[in-house]
Amino acid sequence: ITNQLTVKINDNDQAKIILYDIASRKLLQQTFINSVNLNTKHLAKGIYLYEVRNKNGVIKKGKVVKE
């Protein structure tokens, strides 16, 4: 298991990733271009959801399971 979440997009525009817990509380938000590495070491075991947004709205969604 890794303590990194890596997200890449095929877009040179600024985007942001938002990480939520299973209760939809925002845990982390980071702005990036092209790709981002999030350190998830501090997160407790569980299921987390993420959204990647750009100026047009949500472009990617996903789920991360931290064991």
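A residue is called buried when its relative accessible area is under 20%, exposed when it is over 50%, and partly exposed in between, with a 1.4 Å probe and protein chains only. The model is predicted, so that local features need pLDDT of at least 70 and side-chain atom pairs count only at pLDDT 80 or more, while totals for chains, interfaces and linings use all residues. Residues are numbered from 1 along each chain as its sequence is written, and side-chain values use heavy atoms, with hydrogens and water left out.

**The sheet**

Strands are DSSP runs of E with at least two residues, numbered from the N terminus, and two of them pair if DSSP finds at least two bridges between them. Four strands form an open sheet in the order S3-S2-S5-S6, with antiparallel pairing. Strand S3 (26–33) and strand S6 (57–66) are the edge strands, each pairing on one side only. Within the sheet, S2 and strand S5 (residues 46–54) run antiparallel and are joined by six bridges.

**Salt bridges**

A salt bridge is counted where a side-chain nitrogen of Lys or Arg lies within 4 Å of a carboxyl oxygen of Asp or Glu, and by this rule there are three.

| Pair | N to O distance | Relative accessible areas |
|---|---|---|
| Lys55 and Asp13 | 2.5 Å | Lys55 64%, Asp13 32% |
| Arg25 and Asp21 | 2.8 Å | Arg25 54%, Asp21 10% |
| Glu51 and Arg53 | 2.9 Å | Glu51 14%, Arg53 31% |

Lys55 forms a salt bridge with Asp13. Because Lys55 lies in the loop between S5 and S6 and Asp13 in the loop between strand S1 (4–8) and S2, this pair ties together parts that are 42 residues apart in sequence. Lys55 is exposed, whereas Asp13 is partly exposed at 32%. In the pair of Glu51 and Arg53, Glu51 is buried and Arg53 is partly exposed.

**Around Asp21**

Which residue in S5 stands opposite Asp21? Asp21, which belongs to strand S2 (residues 14–21), has Tyr48 opposite it in S5. If residues up to four places away in sequence are not counted, Asp21 touches Leu27, Ile47 and Tyr48, where contact means heavy atoms within 4.5 Å. Asp21 is buried, with a relative accessible area of 10%, while Arg25, its salt-bridge partner, is exposed at 54%.
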